[in-house]
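Thank you all for coming; I would like to walk you slowly through one structure today.

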Amino acid sequence: MFCKICNNELTLALKAGEMMFGFKTFHTYFECGNCAALQIATVPGDLGKYYPDNYYSFKQHPDPSISTTLLRKIKSGYLLL
């Protein structure tokens with residue numbers, strides 16, 4: 001098996017268990033000795049099981065323009081002092 005980043009041969013195998021949802025499944029990963037990329041050996045067929053609709057990365061983040069507006073107000077406040 002070869003690294004998808006640098007094409008180096010992958011030799012270090014690691015086994016990790018799924019801990020977030022309690023499925024108690026284990027997956028093998030390989031770490032590239034050249035570029036340190038970590039890659040799963042076999043991608044599970046049903047990724048939806050591991051990334052449901054309520055997965056934390058799928059949450060809507062606040063509108064970034066709100067924080068930009070707030071920062072501008074703070075900056076303006078300092079300029080007026």
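**Aromatic pairs, strands and cysteines**

Let me start with the rings: a search of the whole structure finds three aromatic pairs, where rings of Phe, Tyr and Trp (its six-membered ring) pair if their centres lie within 6.5 Å, and where planes under 30 degrees apart count as stacked, over 60 as edge-to-face and the rest as tilted. One of them joins phenylalanine 21 and phenylalanine 23, a tilted pair with 5.8 Å centre to centre and 35° between the planes.

Before I go further, please keep in mind that this is a predicted model, in which local features need pLDDT of at least 70 and side-chain atom pairs count only at pLDDT 80 or more, while totals for chains, interfaces and linings use all residues. Residues are numbered from 1 along each chain as its sequence is written, and side-chain values use heavy atoms, with hydrogens and water left out.

Are these two phenylalanines buried or exposed, if buried means under 20% relative accessible area, exposed over 50%, and partly exposed in between (1.4 Å probe, protein chains only)? Phenylalanine 21 is partly exposed at a relative accessible area of 31%, and phenylalanine 23 is partly exposed as well, at 32%. Another pair is that of tyrosine 51 and tyrosine 55, whose ring centres are 4.9 Å apart and whose planes stand at 75°, so this pair is edge-to-face. Here tyrosine 51 is partly exposed, with a relative accessible area of 42%, whereas tyrosine 55 counts as buried at 13%.

Ring pairs also link Phe21, Phe23 and Tyr50 into a cluster. Over the ring of phenylalanine 23 sits the charged end of lysine 49, 4.8 Å from the ring centre; the criterion is that NZ of Lys or CZ of Arg is within 6 Å of the ring centre and within 35 degrees of the ring normal.

The three strands make an open sheet in the order β1-β2-β3, with antiparallel pairing, and two strands pair if DSSP finds at least two bridges between them. Which strands stand at the edges? They are β1 (12-17) and β3, each with a single partner strand, so one side of each is left without a neighbour in the sheet. Between β1 and β2, which run antiparallel, there are six bridges, and leucine 14 has tyrosine 29 in β2 as its bridge partner.

In the loop between β2 (26-31) and β3 (38-40) lies glycine 33, which is exposed with a relative accessible area of 75%. Its C-alpha atom is separated by 7.5 Å from that of threonine 11, and the two residues are 22 residues apart along the chain.

Finally, how many disulfides does the structure hold? It holds zero, a disulfide being a pair of cysteine sulfur atoms within 2.5 Å. Cysteine 6 is in no disulfide, and the nearest cysteine sulfur, that of cysteine 32, is 3.5 Å away. Cysteine 6 is partly exposed, with a relative accessible area of 29%, while cysteine 32 is buried at 2%. For the protein chain as a whole, buried residues make up 14% of the 81 residues.

Definitions and conventions. Helices (H or I, at least four residues) and strands (E, at least two) are DSSP runs, numbered from the N terminus.
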